Amino acid sequence: MKKILFIEDESALQKTFEEILSQEGYKMISALDGEVGLKLAQTEKPDLILLDLVLPKVHGFDVLKKLKENQETKEIPVIVLTNLEGIGDVEKAIELGATTYLVKADYSLKELVKKIKKALGD
Amino acid sequence: MELKEILNQLNVVSQCRKYGLSLWQCPQFLFLLMGIIIIGSAITAFLIGTRYVADPQIVALIVLVISTILLVIAFSIIHGFERLAEANRMKTEFISIVSHQLRSPLSNLRWALELLMSGRNNLVSEKQLEYFTIFKENIGRMQELIKDLLIVSRIETQTLVLKKKEVSLEDLIKELISEFESFAKACNVKVKFQAKENLAKVFVDSSQIRQVVENLLDNAIRYIKDEGEVKVKLEQKGRKLYFEIKDNGVGIPKEDQKYIFQKFFRAGNIMKYQTEGSGLGLYITKFIIEKSGGKIGFSSQEGKGSTFWFTLPIS
């Protein structure tokens, strides 16, 4: 079963995603802040990371940078999933090594699941 | 301070960009300009003074007085612009923060609702589905409004970036008409599209132009009272592509026509029965078309319908 690490501080979203991802046959690992996210990425070695940007302890961009600097986690694809849409945010994320930058407000749950499956090659 | 930091501070253009203001409103650029003017004026005063005034002390005094006056003027001008630049930066930051904070709970609501409505892990009664649909539509309205407000704020702070690429306008329109099919059917409106084959492409921001066509299509369908027809046409006229959308809807009253592209404006005749709508769609549409090198216009008759058109230069 493929593993997806969801680094997101909103517990409501964690609950929704846990449900939908398990319905789709994935195991979801949850991290409510950047620090825990980095630890779990290393110990769990997920097949995909969904990363929010506005996070407690370590900001999403710093998490992304550290993930890509670490030999053990740099190959894991990362989808940035956020409602931040500041100027230069998308370019910065791609530059730091994110696979895609998705603005939460632009996607339905169904469309998001399609993007996740595509990133996992399913 | 590192050399890189010092060079960065001296790079006036990049310093000004963070304020989102033009160079002529940027305090750093104005400071540099006033500095050059003061030095130039001091040297000029000195040269003229030494030519016409014998006493060097008087020359020095003249140079000092002129420099001081110019310095005071420069200080007050720059101080004014500094406050403007800071207010502008705070406005941009405020809107960014607020839109993120508003969007987050809306995304949470929307996705939790979609999960419930999917009925995959629980039975949903018809009545429940009816009300869930009301929730979903209204969440959608709030999300659209925040999106429009964000675009408007970027337009006003001149920070809206258009990512241009070659786009087939014909394909984009066909795709949108297909997406609007269920909405048009629900409004009892037939949408017809007429375009020649293999039209030239345009060099535009695909998502922005998509929003333009969506706005125009939505307006054309939405403001038809009963049964109606919307005719969309796309053709090449010289070095331009010409898009036209004609409806037989309620039309725009003559006295409202000059305001139609203004922010938050909604014509009097549609406000009576359609309270939805922010009045931002056409303002955004006009900006995007003009920024893409095109023109936009319309003709309308109250009770008969409207024809909106725009042109875009071909790639």
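This is a predicted model: local features need pLDDT of at least 70, side-chain atom pairs count only at pLDDT 80 or more; totals for chains, interfaces and linings use all residues.

Chain A holds an open sheet of 5 strands, paired in parallel and arranged in the order E2-E1-E3-E4-E5. Which strands stand at the edges? They are E2 (27-31) and E5 (100-103) of chain A; each has a single partner strand, so one side of each is left without a neighbour in the sheet. On average, neighbouring strands of this sheet are turned by 20° against each other, direction ignored.

In chain A, strand E3 (residues 48-51) pairs with strand E4 (residues 78-82) in the parallel sense, over 3 bridges. The bridge partner of A:Ile49 in E4(A) is A:Val78.

I turn now to the helix. Helix H5 of chain A, residues 109-119, lies across E3, E4 and E5 of chain A. Relative to E5(A), this helix runs at about 170°.

Finally, how do the chains meet? In chain B, 17 residues are in contact with 17 residues of chain A. Two helices of chain B, H4 (56-118) and H5 (126-156), each supply at least two residues of the side that touches chain A. H4(B) gives the largest share of that side, 11 residues. By class, the side of chain B that touches chain A has 6 nonpolar, 7 polar and 4 charged residues.

Thank you for your attention.

Notes:
Residues are numbered from 1 along each chain as its sequence is written. Chains are lettered from A and ligands numbered from 1 in the order in which they are written. Two strands pair if DSSP finds at least two bridges between them. Helices (H or I, at least four residues) and strands (E, at least two) are DSSP runs, numbered from the N terminus. Axes are lines fitted to C-alpha atoms, for helices over the stretch in contact, and angles run from 0 to 180 degrees between N-to-C directions. Two residues are in contact if their C-beta atoms, placed from the backbone, lie within 7 Å. Ala, Val, Leu, Ile, Met, Phe, Trp, Tyr, Cys and Pro count as nonpolar, Asp, Glu, Lys and Arg as charged, and the others, Gly among them, as polar.
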